[in-house]
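Okay, thanks everyone, let's get going.

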Amino acid sequence: MSTGIYSIGVSGLAAAQLALLVTEHNIVNANTDGYNRQRTIQATSPAIMSGAGSIGQGVRVTTVQRMYSSFLSSQVNSAQTSLSETDVYLETIGQIDNMLADVNAGLSPALQGFFSGVQQVAANPSQLPNRQSMVSSGLTLADRFHALETRLDQLNDQVNGRIQDGIGQINSFAAQIADLNQRIIIAEGSYGQPANDLLDQRDHLVSELNKVVRVSTTTNSDGSFNVFFGTGQQLVVGTQAMTLTALASSGDPSKIAVGLQTAGGVQELAEFLVNGGELGGLLNFRNQALDPAYNQLGRVAASLALTFNAQHALGQDLLGQVSGAGLVDDFFTIRSPDVISNARNLGAGSVTASFIDPAADSRFTLAFAAGTYTITRASDGQAWTDTSLASLQTTVNAATGNSLILPNLTAGSISVTDGRFFTRLTGSDYKVAFGAGGAYTVTRLSDNTAVAAGVGVGSVVVDGLSIAIGAVGASGDSFIVQPTRSIARDIDVDSRFTTDPRLVAAAAPVRTQATLTNTGNMVLAQGSVNTGYSLAGLPLTLTANTGAGTLTGFPAAANVVAFYADGSSTVTSGGSVALSNGGSTLAKVSFNGMTFTMSGAPANGDSFTLATNGGGVDDSRNGLLLAQLQISNTIAGGTATYQSSYAQLVADNGIRTREAQVRSDAQTALLQQSQASREALSGVNLDEEAANLIKFQQAYQASAKMLEVGSRLFETILDLG
Amino acid sequence: MRISTALIFDSGVFGMQRNQSELAKFMEHLSTGRRILTPKDDAVAAAESLKVTQANEVNNQYLTNQASAGTALNELDNNMANLTDELQNILEKTIQAGNGAYSPEQRGMIAEELRQRFENILSIANTRNANGGYIFSGTKTQVQPFQVIGSGGNYDLTNLYVGYQGDAGPREVQANASQTVDTAVDGQTLFMQVRDGTGTATGRGLFDSLQNIIDILDPTSGVPFTTASYTQGVADLHAVIDHVSRVRASVGARVQALDSMTALGEDQNLQYEQRLSKLQDLDYAEAISKLTQQQVQLQAAQLSFKQINQLSLFNIL
């Protein structure tokens, strides 16, 4: 009996001691990252059965239990990986937001400065200082584009660097998890008890790994973890860790992609496989904010250059030079769209791209034959037909965004132009993918829509771009066309303007003058020119013949379109037009790409000279048209101005940043909730541990008292003897 | 629910940090006076304010253009006023010379004075502006517009006394989004094609008419002084003066149009400024009240952190 008293007392002492140890362990690890509180699990020792009944044999500690729920932990991990993703996204996109916030460093002041310069030239075209100032403000504008692009480049470098760092961290965590797996297998195999602290460390590593990229785990029968990412790609299998590598993307070498080292070499992972955590946030930022920012900025730069150049080419410089005869047509220089051949292409395909000239996009040929009107666009050959001229005009204007006025053609064909210039660039990248037999499709990547397809060598026109297939690629080969990504990097003012600002074409190439001896009061305006105009045959003299009711002297070979006050029109050739049509007076004539409006009635024999604009140094007609571009819809198929297109970039980015901010707040709350749930189970509460200290101290004291009681009992027996 | 000690600390610290970052934000709003610090604060308003800013600046550009057009037109009007004075003077002298009591010698003296005035008018016609450009030569501002080329006879547009080397081009500036204003009158319109009230050309230029009357009055010119030629000469002078006043009136009309555009533009400017202010500027009353609220919150968080963390069983044991 007495041995029983001792052994039960000792078992109580041992159990209380263990419990005290565990409590102390909890207390000292209260602030250890990843620590889950522990407790001893006590059970009764096997009882001795006797005639008197079952006699308890004391207590034993069956295990030290880690207060851990894999469900609660994975909830925390999931919230953590989402928050890390959102926070990195918010931090990086916030940098663009900050960059666009500074009103003085943004594009608008430079844009305004440039067009003020154009207005100054228009106000005093003969003044060289005004011209010099306009060229300088053009250079400032180009520099501002460069500076904004440089800021984006810095962000791109930062993203690339951070992706590399993230991959390094993943590899390090994966190796440590594999190592812990090994130690856990050994530790748990030896004692058949959970290796609590090692498990905590491993769980903590998985949690840290989730901050870099979203992973999931499964537990093997030997206690080791498998770690997966993406759609089930293995990162750690038991004691083996895979290695990820940073590599230049095959589709676009300026971007760092994630590669997986396999026996067969490095395999580039599709971006959708990498989500969650910092890496996911960085890739999201690159795709959703950085690339669009590059492209939208480039779209403003490209559209500005293309439309300004198109209008500039219609002018005449201070030296009297016109397009094709000495004028430098293009004020701004921009590069062609970038085309990147996929590094894994096997064939010898060749793809190039160029911008559609807004001038060609606004020029059409109208033809009439067999009762049907056909109008064909010069830029891409697209045609519209109708038997009614009025409905054709409605159709073509609705389809193209132009505002053409079609003349009443009765035979043959004639060129029709719209004086407005705009681009159709979207700011998206495009993918040209080859299939079998030289067939290819062109996909717009912003909305993943197939926008064109073809077979073999040739070219297609897509969204203000001409994509030319110089040689077909092998099946499976692909090319990425980046029309606007790099435009802001090297847009510039042609250096000939900086050395000689007289080359700015502020004047118009034609002028009219009434003969001094005219007695009637017809006034012929100075005239304007459209794309494709020809000065051939100038000077010429138009003479009114009131007897015959005609205005004669037009080049005999030219089709002359005459518009009348009531909106009616005629197309004639042979050198003369009627002064009135159905009682309505002549309001406008147009031939060889030149248009002249008139008012008033001529006297018989009155004449007008149409001539090139020699010496018209203070003529600002083209300068005014250039200045008007600032408030014209020149972008997005004629629906946005330069400034509103830039404002769109600011708004888009601001809205995305705002969304990220809201998401981050929500994710923070979610993480806090799941952390609180986990802490409720696993966290150390020092008050509780203090109470436990007392509890187990008292248990220890009670067990010790039992030993004393046992000892007394024994002494009592001894005293008897 | 169990609460872990670390969580008590963490959430206390988190609460204080959040309050502090909000405080910092309010202070930045207050110190800059801006409602939108970065576009994310109100992306739509940020984009809108970019557009309004451009509209405002373009409008300012138009106001600048209107002012410079106004200056050019006033200069033009001054020249035309001088021209009118000279012409009035010439008409008075011519009428004086029609006095039957005047001898040919006396008419010759008047012709001499008219010749002087003719030179003045020619020099007005060849006036240059501050930039050195001829103001009456259309857009060919570097070509002297008027030169005497006559060699005798009765002058008219088929036998010019003074030839015109300029062109008929206007010198337009953009006065607002849809209107341009011609800041010049070309020499052909003002001096050559003298028109009557119906817009019909009279067939004689200003200089032709002047020189004709001078020749009629000058006994040494070889042109006889007859009642018919004198009457025609006076009528021509009247036509010239009427014509110049009509052209001058058109310049005045342009100045008036500019004035009303400027009034409108300045009004628009004010509207843009108000719109920008609404989009961008901080509501100070609201911001300060929020700042105070946030301060109270932070103090409460700090105090409760201190109180709660004083509670520990270990302190009592």
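One term before I start: we call a helix crossing right-handed if the near helix is turned clockwise from the far one by less than a right angle, and left-handed if it is turned anticlockwise. Also, please keep in mind that this is a predicted model.

So, the case for that term. Helix H3 of chain A, residues 107-123, passes helix H2 of chain B in a right-handed crossing. H2(B) covers residues 43-97, and the two axes come within 11 Å and cross at roughly 20 degrees. Angles under 35 degrees count as roughly parallel, so that is what we call H3(A) and H2(B). Who meets whom? On the chain A side you have Ser108(A), Gln112(A), Ser116(A), Gln119(A) and Ala123(A), and they meet residues of H2(B) including Leu50(B), Gln54(B), Gln61(B) and Ser68(B).

Now the wider contact between the chains. Chain B puts in 53 residues and chain A puts in 59. On the chain B side, the elements giving two or more residues are helix H1 (5-32), H2, strand S3 (172-174) and helix H8 (313-316). Which of them gives the largest share of that side? That's H2(B), with 13 residues.

Okay, chain B by itself. There are eight helices and four strands, and along the sequence they run α-α-α-β-β-β-β-α-α-α-α-α. The radius of gyration is 39 Å, whereas the globule rule gives 20 Å for 317 residues, so chain B is more spread out than a compact globule. You can see that in the C-alpha trace too, which spans about 140 × 30 × 30 Å along its principal axes. Buried residues are 36% of the chain. And if you take contacts with a separation of 6 or more, 69% of them in chain B are between residues 24 or more positions apart.

Here's a helix pair within chain B. H1(B) and helix H7(B), residues 284-310, have axes that come within 9 Å and cross at roughly 160 degrees. Over 145 degrees counts as roughly antiparallel, and so H1(B) and H7(B) go in that group. This crossing is left-handed. Among the residues of H1(B) that take part are Ile8(B), Met16(B), Leu23(B) and Phe26(B), and among their counterparts in H7(B) are Leu291(B), Leu298(B), Phe305(B) and Ile308(B).

Back to chain A for the last bit. Helix H4(A), residues 128-191, has 64 residues and reaches 93 Å from first C-alpha to last, close to the 94 Å expected at 1.5 Å a residue.

Two single residues and I'm done. Buried, exposed or in between: where does Ser466(A) fall? Ser466(A) is partly exposed, with 18 other C-beta atoms within 10 Å. It sits in strand S23 of chain A, residues 465-471, and beyond its close sequence neighbours, within four places, it contacts Ala353(A), Ser354(A), Ile356(A), Ser459(A) and Val461(A). Gly324(A), in the loop between helix H6 (277-312) and strand S12 (332-333) of chain A, is exposed, with 10 such atoms within 10 Å. Its C-alpha is 57 Å from that of Leu260(A), 64 residues apart along the chain.

Conventions
Residues are numbered from 1 along each chain as its sequence is written. Chains are lettered from A and ligands numbered from 1 in the order in which they are written. This is a predicted model: local features need pLDDT of at least 70, side-chain atom pairs count only at pLDDT 80 or more; totals for chains, interfaces and linings use all residues. The expected span of a helix is 1.5 Å times one less than its number of residues. The radius of gyration is taken over C-alpha atoms; the globule rule is 2.2 Å times the number of residues to the power 0.38. A residue is buried if 20 or more other C-beta atoms lie within 10 Å of its own, exposed if 12 or fewer, and partly exposed in between; C-beta atoms are placed from the backbone. Two residues are in contact if their C-beta atoms, placed from the backbone, lie within 7 Å. Axes are lines fitted to C-alpha atoms, for helices over the stretch in contact, and angles run from 0 to 180 degrees between N-to-C directions. Angles under 35 degrees count as roughly parallel, over 145 as roughly antiparallel, 65 to 115 as roughly perpendicular and the rest as oblique.
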